[in-house]
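Subject: Structure handover

Hello,

Here is the structure for your files. My notes on what turned up in it follow below.

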Amino acid sequence: DGCFIGTSDLSMSMGLYGNISHPEVMAVVDKVLGIGKAAGKAVGIVVRGGESPKELLEKGFSMVFTNWRSLVQKSSKQFLDEALS
């Protein structure tokens, strides 16, 4: 058992259309994480801009996901940085 927090969907349902870093959205994310942890359930989330998977795992999330676009962007940047240095 567990839950997955979709911050894009959450922000939309709160009327904050895609503003996934809005303080109100973050407050709900923290609340859901706390409830899930207290119940001994797995709680997952997608890595958002400015966060690292390590930070989210340390915060208490047990499942951390990304999307293919983020992986391609990060690996492309690393490749170009190495190629141009």
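In this predicted model, the largest pocket has a volume of about 290 Å³. Its lining is made up of 13 residues, and those closest to the pocket centre are Val47, Glu51, Thr66, Ser70 and Lys74. Sorted by class, the lining comprises 7 polar, 3 nonpolar and 3 charged residues. Helix α4, which covers residues 68-84, gives the most to the lining of this pocket, at 4 residues.

The count of aromatic pairs is 1. Phenylalanine 4 and phenylalanine 65 make up the pair, with an edge-to-face arrangement, a centre-to-centre distance of 5.4 Å and 70° between the planes. Distant parts of the chain are linked by the pair: phenylalanine 4 belongs to strand β1 (residues 2-5) and phenylalanine 65 to strand β3 (residues 63-65), 61 residues apart. Phenylalanine 4 has a relative accessible area of 45%, so it counts as partly exposed. Phenylalanine 65 is also partly exposed, because its relative accessibility is 38%.

As for the overall fold, the protein has 4 helices and 3 strands, and along the sequence they follow the pattern β-α-α-β-α-β-α. The radius of gyration is 15 Å, well over the 12 Å that the globule rule gives for 85 residues, so the protein is more spread out than a compact globule. The C-alpha trace spans about 50 × 30 × 20 Å along its principal axes. Of the 85 residues, 21% count as buried. Among contacts between residues at least 6 apart in sequence, 36% join residues at least 24 apart.

Regards

Terms used: Residues are numbered from 1 along each chain as its sequence is written. This is a predicted model: local features need pLDDT of at least 70, side-chain atom pairs count only at pLDDT 80 or more; totals for chains, interfaces and linings use all residues. Side-chain values use heavy atoms; hydrogens and water are left out. On a 1 Å grid over the protein atoms alone, a cavity is a set of points where a 1.4 Å probe fits but cannot get out, and a pocket is an open set with protein on both sides within 12 Å along at least five of seven lines; lining residues have an atom within 4 Å of a point. Grid points are joined across faces, edges and corners, and a volume is the space filled by probe spheres set on the points. Helices (H or I, at least four residues) and strands (E, at least two) are DSSP runs, numbered from the N terminus. Ala, Val, Leu, Ile, Met, Phe, Trp, Tyr, Cys and Pro count as nonpolar, Asp, Glu, Lys and Arg as charged, and the others, Gly among them, as polar. Rings of Phe, Tyr and Trp (its six-membered ring) pair if their centres lie within 6.5 Å; planes under 30 degrees apart count as stacked, over 60 as edge-to-face and the rest as tilted. Buried means under 20% relative accessible area, exposed over 50%, partly exposed in between (1.4 Å probe, protein chains only). The radius of gyration is taken over C-alpha atoms; the globule rule is 2.2 Å times the number of residues to the power 0.38. Contact means heavy atoms within 4.5 Å.
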